[in-house]
Structure formats: C-alpha cells, structure tokens
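The following questions and answers concern a single structure, which is shown below. Please read each answer with the sequence and the coordinates at hand.

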Amino acid sequence: MVKICGIGAGYVGGPTMAVVALKCPSIEVAVVDISHSRISAWNSKNLPIYEPGLEEVVKQCRGKNLFFSTDVEKHVYEADIIFVSVNTPTKARGLGAGKAADLTYWESAARMIADVSQSNKIVVEKSTVPVRTAEAIGRILAHNSKKGIKYQILSNPEFLSEGTAIQDLLDPDRVLIGGNDGPEGHEAIQKLKDIYANWVPEDRIITTNLWSAELSKLADNAFLAQRISSINAMSALCEATSAEVSQVSHALSKNTKIGPKFLNASVGFGGSCFQKDILNLVYICESNGLVEVANYWKEVIKVNDYQKSRFVNRVVTSMFNTVSGKKIAVLGFAFKKDTSDTRKTPAIDVCKGLLGDGACLSIYDPQVSEEQIQKDLSMNNVEWDYPIHLQPMSSTTVKQVNVVSDAYEATKDAHGICILTEWDEFKAIDYQRVFDNMQKPAFVFDGRNILNVDKLRETGFIVYSIGRPL
Ligand code: NAD
Ligand code: UGA
C-alpha cells in the first residue's frame with residue numbers, strides 16, 4: 001500500500017488530502033500538524049474549517065484510509081510521498097518584511113523530513129512558495145539527509161478556492177505538476193500523475209519544469225486579483241459617470257477573449273492569498289531588479305486598498321459626514337460566502353475605518369464566531385511599504401463592536417447597513433421588516449452588489465451599491 005503523509009492540516013492540506021483518500025481507497029493518507037487543537041478538531045464532529053461537502057468526504061474516509069495525527073515524525077518516516085501544505089505567510093520582520101514569503105514553516109518541515117527519513121521520498125510542494133524554493137528545499141534535504149536517501153521534489157500548487165474547495169478538488173480544471181528533468185524526476189512526476197489519474201482526466205494534468213510550476217501559481221493569483229482590481233477601478237469611474245458596473249462587466253464578459261469570471265465589482269478582494277502572493281511576486285521582481293514589473297503588480301493591491309477606503313468614505317459622507325455614535329449593521333464578515341475564513345477579509349479594514357469615525361458596529365455573519373471577529377478587529381495590520389489608508393485601531397475601540405446572531409437583531413435601530421459578504425441568506429431578508437425597525441433615513445451600502453436596488457429604494461432605503469450612482 002502506498003503511504004502518503006500530508007504535512008499541514010489547514011484549508012489546503014485538510015480538504016486536499018481528504019479528497020485523495022476518497023478517490024484512492026488503496027492509498028493510506030495521514031494528515032499531520034503541529035497544532036493539537038486543529039488535529040483534535042479534524043478527529044471530532046466539528047471540523048476546524050467550514051467548507052461545503054467537506055464533512056461528508058471526511059466521514060466517508062476517516063478511520064479507513066484517512067487519519068489525522070500530531071505524530072508528524074512517525075507518518076513522515078512511513079510515507080512514500082509527502083505533501084507539504086504548511087502556511088507561507090508574508091514575512092513580518094527582517095529582510096523583505098511586509099512582502100517576501102516567510103518560509104520558516106516550510107524550512108522546519110524540510111529539516112524534520114531530512115531528520116526522520118530512512119527511505120527515498122517524493123516531497124510535494126503544495127503550499128504557494130516563491131519561484132526557486134524547490135532549489136532551497138533540495139539543499140536542506142540533501143545537506144541533512146543520511147547517506148543514500150534520495151529525494152525528488154515536485155511542485156504541485158493548489159488552485160482550490162475556499163467555499164468551493166471540495167468541488168474544485170473533485171473536478172479541477174487542471175492539475176499542475178512541475179519536476180526535475182531526467183529519469184528520476186520523470187519517474188516522480190509519473191507517480192504523482194498516477195495518483196491524480198484516479199479521478200482527473202489525463203488531458204487536465206499539465207507537467208512542466210519546477211520553476212514554471214512554482215511561478216505559475218503566483219502568476220495565477222496575480223492575474224485573478226488583477227481582474228478584480230480592474231473591474232473595481234472601473235466601478236469608481238462608473239459612479240462618476242452614471243455608467244453601471246454590472247452592465248459594463250456583462251458587456252466585457254461576452255467578449256470570448258475576456259470571459260465571464262472574476263468580473264464582479266466588490267468592496268475589495270480578501271482571503272489569505274491574493275495580497276500575500278502578489279507581495280511575494282513584487283519582492284521577487286524587485287530582487288531581480290525588475291522595478292517596473294514590481295510596480296505594475298503593486299498597483300493591483302493599491303487599487304484594492306483604494307476600493308476599501310472609498311467604501312468607508314462613501315458610508316461616512318452619505319450619512320451626513322459622520323457616523324459617530326451611529327449604529328451600523330455589518331452583514332457578513334468572512335472574505336467571501338460559504339467560508340468561515342476571515343483572513344484579510346475586506347470587512348476588517350472597512351470595520352476599522354468605520355470605527356475610526358466613531359461608529360457602533362453590530363456585526364452578523366452566519367459562520368464567523370464572535371471571538372474571531374473581536375480578534376480580527378483588535379489586531380494590527382501587517383504593514384508593507386505602501387502606506388495603507390486604513391489605520392489599525394487601538395484595543396479600546398473593540399468595545400464599539402457587538403456581534404449578534406441574526407440579521408434582524410443586527411439591523412434593529414441601525415442608521416445604516418453595510419453588506420460586506422455575499423451570503424445568499426442576505427438576499428432573502430425581509431427588507432420591509434428591516435426598514436420598519438431602523439432609524440430614518442435608513443441607508444444600505446451594498447459592498448457586494450447582491451441586493452435589488454430598485455426594490456430597496458421603493459421600500460424607502462437610501463441605497464449605495466458599488467459602481468452605480470447614488
Ligand atoms: P493554514 O494556515 O490553514 O494551514 C497550515 C497548517 O500548517 C497549520 O495548521 C499549521 O499548524 C501547519 N504547520 C505549519 N508548520 C508545520 C510543520 N512544520 N509541521 C506540521 N504542520 C505545520 O494554511 P492554508 O490556507 O491551508 O495554506 C497553506 C498553503 O497553501 C499556503 O502556502 C497558501 O498560500 C496555499 N494555498 C492556500 C489556499 C487557500 O484557499 N487557503 C489555496 C491554494 C493555496
Ligand atoms: C483564490 C483563487 O481563486 C484560487 O484559484 C487560489 O487557489 C486561492 O486564491 C489561493 O491560492 O488561496 P480564494 O481566495 O479562496 O481563491 O477565493 P476567490 O473566489 O478567488 O475570492 C477571493 C476574493 O476575491 C474574495 O474576497 C472574493 O469576494 C473576491 N472576488 C472574487 C471579487 O471581489 N470579485 C470577483 O469577481 C471574484
């Protein structure tokens with residue numbers, strides 16, 4: 001029986017390894033993590049992450065060919081193939097702070113692999129890493145390894161999106177595998193291909209050299225984020241010219257050279273990866289002397305920050321230039337629907353901006369806990385070399401934050417509503433009832449363009465949505 005060990009039981013490692021176990025019943029998959037609380041949650045009824053369909057997959061395989069454990073060394077020792085899905089956040093201090101990827105977790109995983117291995121291993125980079133990381137990892141493995149043990153490093157970046165992770169893993173539009181040239185590299189690539197071939201059609205499995213695979217992942221996220229910043233930049237122009245951004249994006253989407261995806265204007269993109277990966281790309285460009293290229297990609301983040309501060313300014317200016325002491329209902333805190341993840345959610349910056357003007361926030365999100373929201377709003381942003389408009393708040397402002405358990409409670413007696421996540425349930429709210437219970441004039445600021453503006457206006461709301469004139 002082939003044995004796989006997945007190091008890192010997070011948003012990528014957990015779902016990815018669970019789907020490998022589901023689709024490859026003859027393979028034993030152990031997912032390991034240094035975090036005891038995460039592993040015990042994976043072994044419990046309450047999985048550590050919310051992802052549609054995940055629970056069913058885990059229930060089907062757990063205890064059969066899928067195991068979650070903190071015994072990292074044992075499972076690495078036993079494995080033939082090791083997938084490393086540890087976190088690679090932006091460096092917070094030292095050289096490249098605020099931009100470069102922090103490879104501390106990766107390095108410690110590589111050193112541990114070298115320490116405990118007694119047989120040849122294929123080490124798969126699942127985490128998103130700077131281009132040429134495999135070279136550095138190869139050196140660590142070779143330097144620390146016992147005589148005669150051979151490692152093949154593959155780059156197999158993950159393209160899943162949160163909220164649709166299981167669907168993306170079961171039916172990926174492509175699987176990318178980068179490896180070394182030469183017979184041993186090819187053999188390793190083939191072994192990984194054979195695993196995916198259990199459920200992914202062969203023509204969707206792309207093989208490249210290591211550096212192309214590593215860079216393709218960074219490029220992929222940069223291109224996606226760039227589309228969002230492009231349409232968000234257009235949304236500002238729409239508001240100034242009475243064009244409507246949804247009509248513009250619809251027109252663009254019909255151009256087959258452009259296509260329909262990632263053209264939804266929003267309050268800004270969030271999530272743990274877009275900003276981090278673009279900053280990483282910027283750092284790599286700068287390190288290679290490519291200043292113009294670095295500046296080009298920096299603009300994608302600047303426009304995203306601009307979009308968030310523009311939204312805050314719109315709320316404050318519309319509400320007679322102050323929200324001080326006013327109750328604002330915030331509907332949605334996660335960085336997108338169908339996830340409980342709040343990493344780099346635009347809601348953090350928007351809420352901090354409103355708190356900075358003295359607002360009292362009443363926040364409701366169907367999946368995010370009060371503890372998480374309070375924590376997010378009391379933490380400082382990791383700075384990078386572009387000065388962010390939205391300053392971190394001091395801990396005292398957190399008292400202005402109430403987290404409640406439904407949308408009606410959040411909006412009761414509120415002066416305004418900010419929709420910050422596109423949860424489906426926000427479309428089904430009885431807005432007449434909400435309106436009746438709010439202060440007047442009652443404002444709605446739809447940061448996700450999910451509501452029927454005309455209907456809300458008929459009800460009596462003053463409505464602002466992205467890319468439409470007020
Ligand atoms: P995460 O923080 O949710 O999970 C990482 C896990 O690795 C944590 O549980 C941590 O405890 C564990 N870990 C760290 N060092 C370890 C070690 N030495 N040994 C064992 N466990 C260790 O992160 P994530 O969101 O799953 O992202 C992981 C990587 O995948 C990142 O590089 C990210 O850029 C990339 N990625 C993420 C997504 C996504 O949607 N979240 C999608 C594609 C790629
Ligand atoms: C993104 C990519 O889509 C994945 O391919 C990639 O694997 C992943 O990052 C990663 O590397 O972590 P994810 O961040 O989970 O996935 O979610 P997306 O659906 O891409 O949304 C990211 C942010 O952009 C969200 O805040 C979302 O609301 C926003 N967005 C998305 C828009 O504002 N407009 C759009 O048209 C699309």
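In what follows, a residue is called buried when its relative accessible area is under 20%. The model is predicted.

Q: Which residues of S12 are buried on its two faces?
A: In a regular strand the side chains alternate between the two faces of the sheet. Strand S12 is covered on both of its faces. One side holds the buried pair Gly416 and Cys418, and the other holds the buried pair Ile417 and Ile419.

Q: In which order do the 6 strands of the open sheet lie?
A: The 6 strands pair in parallel fashion. At the edges are strand S11 (401-403) and strand S14 (462-465), each of which pairs on one side only. From one strand to the next the twist averages 20°. The order is S11-S10-S9-S12-S13-S14.

Q: How many bridges join S9 to S10, and how many join S9 to S12?
A: Strands of a sheet pair through backbone hydrogen bonds, either parallel or antiparallel. S9 runs parallel to S10 and also parallel to S12. On the S10 side, isoleucine 328 stands opposite leucine 361, while on the S12 side valine 330 has cysteine 418 as its bridge partner. The number of bridges is 5 to S10 and 4 to S12.

Q: Why is S9 largely enclosed by the rest of the structure?
A: A residue counts as buried under 20% relative accessible area. S9 is largely enclosed because, of its 5 residues, the number that are buried is 4.

Q: Which residue of S13 is the bridge partner of isoleucine 417?
A: Strand S12 (residues 416-419) and strand S13 (residues 443-446) run parallel and are joined by 4 bridges. Within this pairing, the partner of isoleucine 417 in S13 is valine 444.

Q: At about what angle does helix H12 run to S13, and helix H14 to S11?
A: Helix H12 (residues 291-318) lies across S12, S13 and S14. Helix H14 (residues 370-378) lies across strand S10 (360-364) and S11. The angle of H12 to S13 is about 170°, and that of H14 to S11 is about 160°.

Q: Is serine 340 buried or exposed?
A: Serine 340 is found in the loop between strand S9 (327-331) and helix H13 (346-356). Leaving aside residues up to four places away in sequence, serine 340 touches Tyr11, Tyr50, Gln367 and Val368. Its relative accessibility is 17%, and the cut-off for burial is under 20%. Serine 340 therefore counts as buried.

Q: Which backbone atom lies 2.5 Å from a polar side-chain atom of arginine 62?
A: Arginine 62 sits in the loop between helix H3 (54-61) and strand S3 (66-69), and at 27% relative accessibility it counts as partly exposed. Beyond four places in sequence, arginine 62 touches Trp42, Asn43, Ser44, Leu47 and Phe68. Arginine 62 and tryptophan 42 are 20 residues apart in sequence, with their C-alpha atoms 9.2 Å apart in space. The atom at 2.5 Å is the backbone oxygen of tryptophan 42.

Q: What share of the accessible area of ligand 1 does the protein bury?
A: Of the 26 residues around ligand 1, those that come nearest are Asp33, Arg38, Thr88, Glu162 and Lys276. A backbone N or O atom of valine 12 lies 2.8 Å from an oxygen atom of ligand 1, and a polar side-chain atom of serine 108 lies 3.3 Å from a nitrogen atom of ligand 1. Ligand 1 taken alone exposes 840 Å², and the share buried by the protein is 92%.

Q: Which helix gives the most residues to the shell around ligand 1?
A: A backbone N or O atom of isoleucine 34 lies 3.4 Å from a nitrogen atom of ligand 1. With 3 residues, the helix that gives the most to the shell is H5 (residues 104-116).

Q: Which residue has a side-chain N or O atom 2.6 Å from an oxygen atom of ligand 2?
A: Around ligand 2 there are 20 residues, and Leu160, Glu162, Ser266, Phe335 and Arg448 come nearest. The side chain of lysine 217 places an N or O atom 2.8 Å from an oxygen atom of ligand 2, and a backbone N or O atom of asparagine 264 lies 2.8 Å from a nitrogen atom of ligand 2. The residue at 2.6 Å is serine 266.

Key. Residues numbered from 1 in each chain as written. Chains lettered and ligands numbered in written order. Predicted model: local features only at pLDDT ≥ 70, side-chain atom pairs only at ≥ 80, totals over all residues. Heavy atoms only, no water. Buried < 20%, exposed > 50% of the residue type's maximum accessible area, 1.4 Å probe, protein only. Contact = heavy atoms within 4.5 Å. Pairing = 2+ DSSP bridges. Axes fitted to C-alpha atoms, helices over the stretch in contact; angles between N-to-C directions. Near = heavy atom within 4 Å. Polar contact = N/O pair within 3.5 Å; in protein donor to acceptor, adjacent residues only side chain to side chain. Areas by Shrake-Rupley, 256 points an atom, 1.4 Å probe, with all protein chains shown as cover.
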